[in-house]
Amino acid sequence: MYLKFLALIMVMMTAGYAYSQNLLLAEGKKTGFGLVLPERPTAYEEKAAKVFADYFQKVTGASIPMVPKKQHHQAMVISIGHTKYLDNPSTFSTPESFRIRTKPGRLLIEGEGRGVVFAVYHFIEQYLGCRKYDQGPALVMPKDKLELTAGLDIRESPAFIYREAYFPIMADEEYRDWHRLHRLDDHWGLWGHSFEQLLPAADYFRDHPEYFALTGKGRNPAQLCLSNEAVFRIIKKVLAERIAAWPDARYWSISPNDSPIYCECEQCSKTDAKEGGPQGSLVNFVNRLAAAFPGHQFSTLAYTYSAHPTRQLKPARNVSIMLSSIDALRTYPFYQEPTARPFCKDLEGWKEKTPNIFVWDYCTQFTNYLSPFPNLYCLQPNYKYLQEKGVKGVFAQGSGADHSDLAELKAYLIARLLWQPSVLVDSIVHDFLEGYYGKAGLFIQQYLEQMDNALIETKAALDIYGNPVNEVGRFLSPARMEDYSHILDKAEAAVEQEPQHLERVLRLRLSLDYASFQQARFYGREKHGIFQKATGGEWQVREGFRDRYDKFIKRCGAEGVSMMNEDGKDLQAYQREWSSIFNGGVRPNLAYRAGVQLERPHIPDYAAASAGILVDGNNGFDDFSYNWLCFNNEPLQATLDMGEVKTVDRIALGFLEDPRHWFFLPSTISVWVSVNGKDFEPAGEMKHGLPEQEGYAIRRKEVQFSLKESVPARYVKVIALPQPELPIWRQHKKRKAMLACDEVWVN
């Protein structure tokens, strides 16, 4: 057998090298090369060899043998890792770098740590022509001949040492290896907001309230007191146990809980005053822990109240700062976007304090995962900017395990940019669209370009906590939505006989359909809304609307759509909400389109631009940004004029409870009625307290007042007072209780 192998080598050498220095690796499903590993290969080198052999056979049809150690003298080899064939082994200054080169009769692949695996996948993509677009199997294109150019020498190093694209693809190990990504579960012993994991309030607050933040209202379990020595000792002990249990973890996050509370005790305040804010006591605390574990890497969040750099204190050598870009809109790149100026300023400030900066970036709309969120064109300038500023790592937060708008393309592009921000984006996007969508790719390109252009032309505010309803007058206007739909119609038609490509187009179309359904709630009984009048005058669901909705839900189920937003609304809850809309129909209201006069101004920032939202016939749902009239620590004082005297026996009002956004039910709600608009008679009053238990569920509460007997009235007055204070678990120095009302029903 070995003699046959040597004979084949001689044939290949004669054919491939007598007249050329090119490397003929395979032809006609045969190869004269063998794979060589080091005598004591690492786990990464063994994995790289296995992957190489697997794809080499899939593409060329040739089975490539592993050369036994005693035969390592052969001339034609594919060397993977630090073998003796590397007469001058490369040195890598950056972790996970790699090199691929050819010499006569040799293909040499080497890398730093996991870099050798990255090198193999680079070879598989660039020279075998394979692609890995999503969590599914890679696209493999067989070829009869595989020949490499003589003198090939490729060196690559990552721009960022930590790279994560937090989308559904992260569950696929091969995708991570192929696209050179990390996963927080593999690298972080503790991630993100970690105080609650290290010192849980449920275990300590009752007996030791002094361990927790002191505020004007007393001790608060939402955050820790970082100057308390017992807190330091407990966390140090817990951390030592965790490090011992997971010694290979690369990073440990020591960061505040996701709460605006921070400790204001004398000692913490003293440190904070010196350092310009509560980031002072935080960095001081993390530095102390880092000193206790000098051989480990720690990180802390520069987020909300800890975003600004310290004045004098520098993070320790083994402490990195994870700076958040949460407040920046995505309409323009960081360096052009006005709302990103504080982020850029903080980045510059931290850069003066430490070279160890990571950035927590945001790449989807967290309030509406499926909503169109055209941020692709901002990605390259943003990551170039971060690289230029010396940022070491990027956590690009998408929708996690849940599907979102263009999740596959965004993850694919982000992965390339995190490795090297200067890549040719247009080429990458074109390659993806053509390979992933087939003949529909051309139309998807048009769809993306048209939406990008509309975003800029209309000066839309691309907000990670926005809503498609907010864009009805801009890049998601009815006319533009119709144009987008026509393009996707063409995309579907182009691949109607290609099931896989068609399924991908339909998955992309979920975003446009979702936006349409969200906007229909806003339009209500108007054009583009849910309901229309039948010929007999009764209201009914608009013709064809229910069928579109049923197809959308079916497609969501087929695509595995589970969560609709970051707050945890799942597909079943979304369906229940729509069932209530359909079943509720158009509710009779004597005050429909009544005149509304407000005594105090409402918040003008949302889609509900006028007081008429209170009587437009459309309920508010679970998003405060539309169909709700919102007040920031101001009472709702509204007088409704129904235009004529009517008989009234019941008044109902809808209010929103959304603790995450500081919306609570009013402390007092009272209603009056009047015939002449001057003399008002009380019709009812109701009081509500604050929720005692911490919870962030969103609910719509309808408050009903039934009069003892029917009364004549033309005017209805409503007064709703906000809660005088926030619950202890939702305290915030700059926030007050808000209230939102919609709708006012008079019957």
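Student: Which residue stands opposite K103 in strand 5?

Tutor: The residue opposite K103 in strand 5 is R106. Please keep in mind that this is a predicted model.

Student: How do the two strands around these residues run, and how many bridges join them?

Tutor: Strand 4, residues 98-103, and strand 5, residues 106-111, run antiparallel and are joined by six bridges.

Student: In what order do the strands of the sheet lie?

Tutor: The sheet is open and consists of five strands in the order 2-3-5-4-7, with mixed pairing. Strand 2 (34-36) and strand 7 (153-156) are at the edges; each has a single partner strand, so one side of each is left without a neighbour in the sheet. From one strand to the next, the twist averages 10°.

Student: Which helix packs on the sheet, and which strands does it touch?

Tutor: Helix 2, residues 43-60, packs there, touching strand 2, strand 3 (77-80) and strand 5. The direction of helix 2 makes about 145° with that of strand 3.

Student: How should I read the nonpolar cores?

Tutor: The general idea is that nonpolar side chains tend to be buried together in soluble globular proteins. In this structure, the largest nonpolar core has 86 residues, and those with the most contacts inside it are Y383, L386, I414, Y437, Y447, F475 and Y484. Helix 13, residues 407-419, gives the most to this core, with nine residues.

Student: Which residues are in contact with Y447, leaving aside its neighbours within four places in sequence?

Tutor: With those neighbours set aside, Y447 is in contact with Y484, I487, L488, L508 and L512. There is also a second, separate core of 39 residues, which includes V59, M76, F98 and A138.

Student: How many aromatic pairs does the structure hold, and how is one of them read?

Tutor: The structure holds 54 aromatic pairs. In the pair of Y162 and F358, the distance is 6.0 Å centre to centre and the angle between the planes is 10°. The pair counts as stacked because planes under 30 degrees apart are given that name.

Student: Why does this pair tie together parts that are 196 residues apart in sequence?

Tutor: Y162 lies in strand 8 (residues 162-166) and F358 in strand 15 (residues 357-362), so the pair spans that separation of 196 residues.

Student: Are Y162 and F358 buried or exposed?

Tutor: Both Y162 and F358 are buried. They also belong to a cluster linked by ring pairs, whose other members are Y166, W188, W191, Y251, W360 and F395.

Student: Which residues lie over the faces of F232 and Y592?

Tutor: R288 lies over the face of F232, at 3.9 Å from the ring centre. R525 lies over the face of Y592, at 4.0 Å from the ring centre.

Conventions: Residues numbered from 1 in each chain as written. Predicted model: local features only at pLDDT ≥ 70, side-chain atom pairs only at ≥ 80, totals over all residues. Heavy atoms only, no water. Pairing = 2+ DSSP bridges. Helix = DSSP H or I, 4+ residues; strand = E, 2+ residues; numbered from the N terminus. Axes fitted to C-alpha atoms, helices over the stretch in contact; angles between N-to-C directions. Contact = heavy atoms within 4.5 Å. Core = buried A, V, L, I, M, F, W, Y, C linked by side-chain atoms within 4.5 Å. Buried < 20%, exposed > 50% of the residue type's maximum accessible area, 1.4 Å probe, protein only. Phe/Tyr/Trp six-rings, centres within 6.5 Å; stacked < 30°, edge-to-face > 60°. Lys NZ or Arg CZ within 6 Å of the ring centre and 35° of its normal.
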